[in-house]
Amino acid sequence: MKQSFLMVVLTFCVFSQYTFSQETVENPEKYTAHNKGKFYIYWGGNRGTYSKSDIHFKGNDYDFTLHNVEAHDKPKGWHVDYINPARMTIPQTNFRVGYFISDHYNISIGFDHMKYVMYNERTVNYSGYYPNPGIYSENPTEDELTLDKNFLLFEHTDGLNYINTEFSRVDDISNWFGLPNTDKFQINITEGLGAGFLYPRTNTTLLGKDRYDEFHISGYGLSAKAGLNFTFFKHFFIQTELKGGYINMNDIRTTEDSADRASQDFWFLQRVITIGGIFRL
(Lines give C-alpha, C1' and ligand atoms only; values in the text may rest on other atoms or scores of the structure.)
Protein backbone atom coordinates (compact mmCIF):
# COMPACT_ATOMS: atom_id res chain seq x y z
CA MET A 1 0.00 0.00 0.00
CA LYS A 2 2.82 2.32 0.95
CA GLN A 3 4.65 1.48 -2.25
CA SER A 4 1.54 2.23 -4.32
CA PHE A 5 1.11 5.60 -2.58
CA LEU A 6 4.76 6.50 -3.19
CA MET A 7 4.42 5.56 -6.84
CA VAL A 8 1.39 7.82 -7.19
CA VAL A 9 3.21 10.75 -5.53
CA LEU A 10 6.32 10.20 -7.66
CA THR A 11 4.26 9.97 -10.83
CA PHE A 12 2.41 13.19 -9.94
CA CYS A 13 5.69 15.07 -9.27
CA VAL A 14 7.27 13.91 -12.51
CA PHE A 15 4.14 14.81 -14.49
CA SER A 16 3.92 18.23 -12.79
CA GLN A 17 7.59 18.99 -13.50
CA TYR A 18 7.20 17.93 -17.13
CA THR A 19 4.06 20.04 -17.55
CA PHE A 20 5.71 23.12 -15.98
CA SER A 21 8.77 22.69 -18.20
CA GLN A 22 6.60 22.44 -21.26
CA GLU A 23 4.66 25.57 -20.31
CA THR A 24 7.93 27.44 -19.72
CA VAL A 25 9.21 26.45 -23.16
CA GLU A 26 5.92 27.23 -24.86
CA ASN A 27 5.33 30.49 -22.91
CA PRO A 28 8.74 32.03 -22.20
CA GLU A 29 8.82 35.25 -20.20
CA LYS A 30 8.52 38.23 -22.50
CA TYR A 31 11.48 40.56 -22.98
CA THR A 32 9.22 43.53 -22.28
CA ALA A 33 8.04 42.13 -18.93
CA HIS A 34 11.00 43.66 -17.08
CA ASN A 35 13.00 46.85 -17.64
CA LYS A 36 15.62 46.74 -14.89
CA GLY A 37 19.11 46.93 -16.38
CA LYS A 38 18.01 48.25 -19.76
CA PHE A 39 19.39 51.36 -21.46
CA TYR A 40 17.46 53.61 -23.82
CA ILE A 41 18.27 56.46 -26.16
CA TYR A 42 16.06 58.78 -28.18
CA TRP A 43 16.15 61.71 -30.56
CA GLY A 44 13.35 63.95 -31.79
CA GLY A 45 11.88 67.40 -32.14
CA ASN A 46 9.78 69.88 -30.19
CA ARG A 47 7.49 72.89 -30.40
CA GLY A 48 7.72 75.41 -27.59
CA THR A 49 5.44 77.96 -25.93
CA TYR A 50 6.63 80.58 -23.45
CA SER A 51 5.00 82.80 -20.89
CA LYS A 52 5.51 86.55 -20.89
CA SER A 53 8.57 87.72 -18.98
CA ASP A 54 10.25 90.83 -17.65
CA ILE A 55 13.73 91.24 -19.15
CA HIS A 56 16.22 93.33 -17.22
CA PHE A 57 19.16 94.88 -19.12
CA LYS A 58 22.08 96.44 -17.30
CA GLY A 59 25.40 98.00 -18.37
CA ASN A 60 27.77 100.84 -17.54
CA ASP A 61 25.41 103.57 -18.75
CA TYR A 62 21.97 101.92 -18.72
CA ASP A 63 19.67 99.98 -16.43
CA PHE A 64 16.17 99.26 -17.67
CA THR A 65 13.51 96.55 -17.64
CA LEU A 66 11.08 95.59 -20.40
CA HIS A 67 7.85 94.30 -18.89
CA ASN A 68 5.66 91.40 -20.07
CA VAL A 69 7.69 90.69 -23.18
CA GLU A 70 6.27 88.00 -25.49
CA ALA A 71 8.30 85.43 -27.41
CA HIS A 72 7.79 82.49 -29.75
CA ASP A 73 9.72 79.45 -30.92
CA LYS A 74 11.32 78.98 -34.35
CA PRO A 75 10.14 75.66 -35.82
CA LYS A 76 11.81 73.97 -38.76
CA GLY A 77 8.82 71.81 -39.61
CA TRP A 78 9.20 68.34 -41.11
CA HIS A 79 12.73 68.65 -42.44
CA VAL A 80 15.65 66.41 -43.42
CA ASP A 81 17.88 68.39 -41.03
CA TYR A 82 16.52 66.30 -38.16
CA ILE A 83 18.41 63.27 -39.54
CA ASN A 84 21.23 65.03 -41.42
CA PRO A 85 24.34 64.45 -39.23
CA ALA A 86 25.88 67.74 -40.39
CA ARG A 87 22.79 69.84 -39.54
CA MET A 88 20.74 67.88 -37.02
CA THR A 89 21.49 70.35 -34.19
CA ILE A 90 19.93 73.25 -36.13
CA PRO A 91 16.20 72.42 -35.63
CA GLN A 92 14.46 72.35 -32.25
CA THR A 93 15.56 68.97 -30.99
CA ASN A 94 15.53 66.66 -27.95
CA PHE A 95 18.14 64.03 -27.08
CA ARG A 96 18.20 61.71 -24.07
CA VAL A 97 19.98 58.58 -22.83
CA GLY A 98 18.82 56.73 -19.73
CA TYR A 99 19.12 53.62 -17.58
CA PHE A 100 16.43 51.65 -15.74
CA ILE A 101 17.37 51.18 -12.08
CA SER A 102 14.21 49.08 -11.59
CA ASP A 103 11.35 47.80 -13.73
CA HIS A 104 9.49 51.10 -13.35
CA TYR A 105 12.08 53.79 -12.62
CA ASN A 106 14.89 55.23 -14.72
CA ILE A 107 17.40 58.05 -14.56
CA SER A 108 18.57 59.91 -17.65
CA ILE A 109 20.54 62.84 -18.95
CA GLY A 110 19.80 64.85 -22.06
CA PHE A 111 19.33 68.21 -23.65
CA ASP A 112 16.30 70.10 -24.91
CA HIS A 113 17.37 72.37 -27.76
CA MET A 114 14.57 74.92 -27.79
CA LYS A 115 14.47 78.28 -29.55
CA TYR A 116 13.23 81.55 -28.03
CA VAL A 117 12.60 84.64 -30.18
CA MET A 118 11.35 87.93 -28.74
CA TYR A 119 8.60 89.54 -30.79
CA ASN A 120 9.72 92.82 -32.36
CA GLU A 121 7.62 95.81 -33.39
CA ARG A 122 5.41 95.51 -30.31
CA THR A 123 4.81 98.18 -27.70
CA VAL A 124 5.72 97.23 -24.13
CA ASN A 125 5.98 98.94 -20.78
CA TYR A 126 9.45 99.72 -19.51
CA SER A 127 11.14 101.25 -16.49
CA GLY A 128 14.65 102.59 -15.96
CA TYR A 129 17.00 104.54 -18.21
CA TYR A 130 19.28 104.14 -21.25
CA PRO A 131 21.36 106.60 -23.33
CA ASN A 132 19.92 108.68 -26.16
CA PRO A 133 16.27 107.60 -25.94
CA GLY A 134 14.39 108.05 -29.19
CA ILE A 135 17.25 107.51 -31.66
CA TYR A 136 16.54 103.80 -32.13
CA SER A 137 13.04 104.20 -33.64
CA GLU A 138 11.60 102.89 -30.37
CA ASN A 139 9.31 105.95 -29.89
CA PRO A 140 9.60 106.09 -26.08
CA THR A 141 7.04 107.73 -23.81
CA GLU A 142 7.25 107.99 -20.04
CA ASP A 143 6.64 104.27 -19.58
CA GLU A 144 6.26 102.65 -23.03
CA LEU A 145 8.40 101.98 -26.08
CA THR A 146 8.31 99.97 -29.30
CA LEU A 147 10.65 97.01 -29.66
CA ASP A 148 12.19 98.21 -32.91
CA LYS A 149 15.05 96.11 -34.30
CA ASN A 150 17.35 99.12 -34.11
CA PHE A 151 16.71 99.21 -30.37
CA LEU A 152 16.83 95.49 -29.56
CA LEU A 153 16.99 92.04 -31.13
CA PHE A 154 16.89 89.32 -28.51
CA GLU A 155 16.90 85.58 -29.30
CA HIS A 156 18.09 82.33 -27.77
CA THR A 157 18.14 80.58 -31.13
CA ASP A 158 21.18 78.33 -31.08
CA GLY A 159 19.50 77.80 -28.80
CA LEU A 160 17.64 77.86 -25.52
CA ASN A 161 19.65 74.82 -24.44
CA TYR A 162 18.26 73.12 -21.33
CA ILE A 163 20.76 70.44 -20.25
CA ASN A 164 19.10 68.33 -17.60
CA THR A 165 18.81 65.15 -15.58
CA GLU A 166 15.45 63.40 -15.19
CA PHE A 167 14.02 60.81 -12.83
CA SER A 168 11.08 59.06 -14.49
CA ARG A 169 8.54 56.27 -13.99
CA VAL A 170 7.23 53.95 -16.72
CA ASP A 171 4.12 51.72 -16.56
CA ASP A 172 2.92 49.20 -19.12
CA ILE A 173 -0.77 49.80 -19.96
CA SER A 174 -1.00 47.36 -22.86
CA ASN A 175 -3.65 45.31 -21.07
CA TRP A 176 -5.95 48.34 -21.12
CA PHE A 177 -6.16 47.79 -24.87
CA GLY A 178 -6.18 44.00 -24.86
CA LEU A 179 -2.73 43.64 -26.40
CA PRO A 180 -1.66 40.01 -25.82
CA ASN A 181 1.98 40.10 -26.95
CA THR A 182 3.91 43.11 -25.68
CA ASP A 183 7.07 41.85 -27.39
CA LYS A 184 5.41 42.81 -30.65
CA PHE A 185 3.66 46.00 -29.52
CA GLN A 186 3.56 47.64 -26.11
CA ILE A 187 2.04 50.87 -24.80
CA ASN A 188 3.53 52.59 -21.76
CA ILE A 189 2.82 55.76 -19.89
CA THR A 190 5.70 57.76 -18.47
CA GLU A 191 6.04 60.73 -16.16
CA GLY A 192 9.09 62.39 -14.66
CA LEU A 193 10.79 65.33 -12.99
CA GLY A 194 13.93 67.09 -14.19
CA ALA A 195 16.44 69.77 -13.28
CA GLY A 196 19.42 71.28 -15.04
CA PHE A 197 21.16 74.36 -16.34
CA LEU A 198 20.73 76.68 -19.33
CA TYR A 199 23.57 76.98 -21.84
CA PRO A 200 22.17 79.25 -24.53
CA ARG A 201 23.78 80.91 -27.48
CA THR A 202 22.01 84.26 -27.22
CA ASN A 203 21.76 86.29 -30.42
CA THR A 204 21.53 89.94 -29.37
CA THR A 205 21.88 93.44 -30.76
CA LEU A 206 21.29 96.12 -28.14
CA LEU A 207 21.29 99.94 -28.35
CA GLY A 208 23.22 99.97 -31.62
CA LYS A 209 26.07 97.82 -30.33
CA ASP A 210 27.64 95.01 -32.34
CA ARG A 211 25.77 91.73 -32.54
CA TYR A 212 26.68 89.16 -29.89
CA ASP A 213 26.15 85.40 -30.28
CA GLU A 214 28.19 83.19 -27.96
CA PHE A 215 27.47 80.23 -25.66
CA HIS A 216 27.26 81.04 -21.96
CA ILE A 217 25.90 79.28 -18.85
CA SER A 218 23.01 81.59 -18.01
CA GLY A 219 20.85 80.00 -15.32
CA TYR A 220 18.87 76.95 -14.31
CA GLY A 221 15.63 75.13 -15.12
CA LEU A 222 13.11 72.81 -13.46
CA SER A 223 10.68 70.63 -15.39
CA ALA A 224 8.00 67.94 -15.29
CA LYS A 225 6.72 65.72 -18.08
CA ALA A 226 4.10 63.13 -18.98
CA GLY A 227 3.97 61.05 -22.11
CA LEU A 228 3.08 57.92 -24.05
CA ASN A 229 5.59 55.36 -25.28
CA PHE A 230 4.81 52.97 -28.14
CA THR A 231 7.36 50.13 -28.33
CA PHE A 232 7.65 47.88 -31.39
CA PHE A 233 9.37 44.47 -31.56
CA LYS A 234 10.98 44.83 -28.11
CA HIS A 235 13.63 47.39 -29.02
CA PHE A 236 12.20 50.32 -31.00
CA PHE A 237 9.84 53.03 -29.85
CA ILE A 238 8.09 56.28 -30.57
CA GLN A 239 7.54 58.53 -27.56
CA THR A 240 5.36 61.62 -27.28
CA GLU A 241 5.62 63.99 -24.34
CA LEU A 242 4.17 67.14 -22.85
CA LYS A 243 6.94 68.81 -20.88
CA GLY A 244 6.68 72.02 -18.94
CA GLY A 245 8.68 73.93 -16.42
CA TYR A 246 10.36 77.04 -15.12
CA ILE A 247 13.50 78.72 -16.45
CA ASN A 248 15.49 81.33 -14.56
CA MET A 249 18.26 82.98 -16.58
CA ASN A 250 19.97 85.39 -14.22
CA ASP A 251 23.19 85.89 -16.19
CA ILE A 252 22.69 86.39 -19.94
CA ARG A 253 25.56 87.87 -21.97
CA THR A 254 24.32 90.50 -24.46
CA THR A 255 27.42 92.23 -25.95
CA GLU A 256 31.18 91.82 -26.19
CA ASP A 257 31.46 94.00 -23.08
CA SER A 258 31.24 91.72 -20.03
CA ALA A 259 29.53 94.54 -18.11
CA ASP A 260 26.49 94.22 -20.37
CA ARG A 261 24.11 91.60 -18.98
CA ALA A 262 20.44 90.65 -19.02
CA SER A 263 18.21 88.48 -16.86
CA GLN A 264 14.74 86.99 -17.19
CA ASP A 265 12.60 84.14 -15.92
CA PHE A 266 9.60 82.46 -17.54
CA TRP A 267 7.53 79.29 -17.86
CA PHE A 268 7.71 76.99 -20.87
CA LEU A 269 5.73 74.15 -22.43
CA GLN A 270 7.10 71.70 -24.99
CA ARG A 271 5.26 69.27 -27.26
CA VAL A 272 7.78 66.56 -28.06
CA ILE A 273 7.92 63.57 -30.40
CA THR A 274 10.93 61.26 -30.51
CA ILE A 275 12.14 57.93 -31.90
CA GLY A 276 14.47 55.65 -29.99
CA GLY A 277 15.70 52.27 -28.93
CA ILE A 278 15.79 50.26 -25.70
CA PHE A 279 18.19 47.40 -25.06
CA ARG A 280 20.07 45.45 -22.42
CA LEU A 281 23.85 45.34 -22.65
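How many bridges join strand 14 (residues 236-253) to strand 15, and do these strands run parallel or antiparallel? There are 16 bridges between the two strands, which run antiparallel. The model is a predicted one, in which local features need pLDDT of at least 70 and side-chain atom pairs count only at pLDDT 80 or more, whereas totals for chains, interfaces and linings use all residues. Residues are numbered from 1 along each chain as its sequence is written, and side-chain values use heavy atoms, with hydrogens and water left out.

Strands (E, at least two residues) and helices (H or I, at least four) are DSSP runs numbered from the N terminus, and two strands are taken to pair if DSSP finds at least two bridges between them.

A search of the whole structure finds 14 salt bridges, a salt bridge being a side-chain nitrogen of Lys or Arg within 4 Å of a carboxyl oxygen of Asp or Glu. One of them joins the side chains of arginine 47 and aspartate 73, at 2.7 Å from N to O. Because arginine 47 lies in strand 1 and aspartate 73 in the loop between strand 4 (71-72) and strand 5 (93-100), this pair ties together parts that are 26 residues apart in sequence. Burial is expressed as relative accessible area: buried is under 20%, exposed is over 50%, and partly exposed is in between (1.4 Å probe, protein chains only). Arginine 47 is partly exposed at 39%, and aspartate 73 is buried at 7%.

In a further salt bridge, the closest N and O atoms of lysine 243 and glutamate 166 are 2.7 Å apart. Lysine 243 belongs to strand 14 and glutamate 166 to strand 9 (residues 152-172), so the pair ties together parts that are 77 residues apart in sequence. Lysine 243 is buried, with a relative accessible area of 1%, and glutamate 166 is buried, at 2%. Both residues belong to a network of salt bridges that links Arg96, Asp112, Glu166, Lys225, Glu241 and Lys243. Lysine 209 and aspartate 260 also form a salt bridge (2.8 Å, N to O).

The largest nonpolar core holds 31 residues; a nonpolar core is a set of buried Ala, Val, Leu, Ile, Met, Phe, Trp, Tyr and Cys residues joined through side-chain atoms within 4.5 Å. Phe57, Phe64, Leu66, Tyr130, Phe151 and Leu160 touch the most other members. At least two residues of this core come from each of strand 2, strand 3 (62-69), strand 6 (105-118), strand 7 (123-129), strand 9, strand 14 and strand 15. Leaving aside neighbours within four places in sequence, phenylalanine 64 is in contact with residues including Ile55, Phe57, Tyr130, Phe151 and Leu206, where contact means heavy atoms within 4.5 Å. A second, separate core of six residues includes Tyr40, Tyr42, Phe237 and Ile278.
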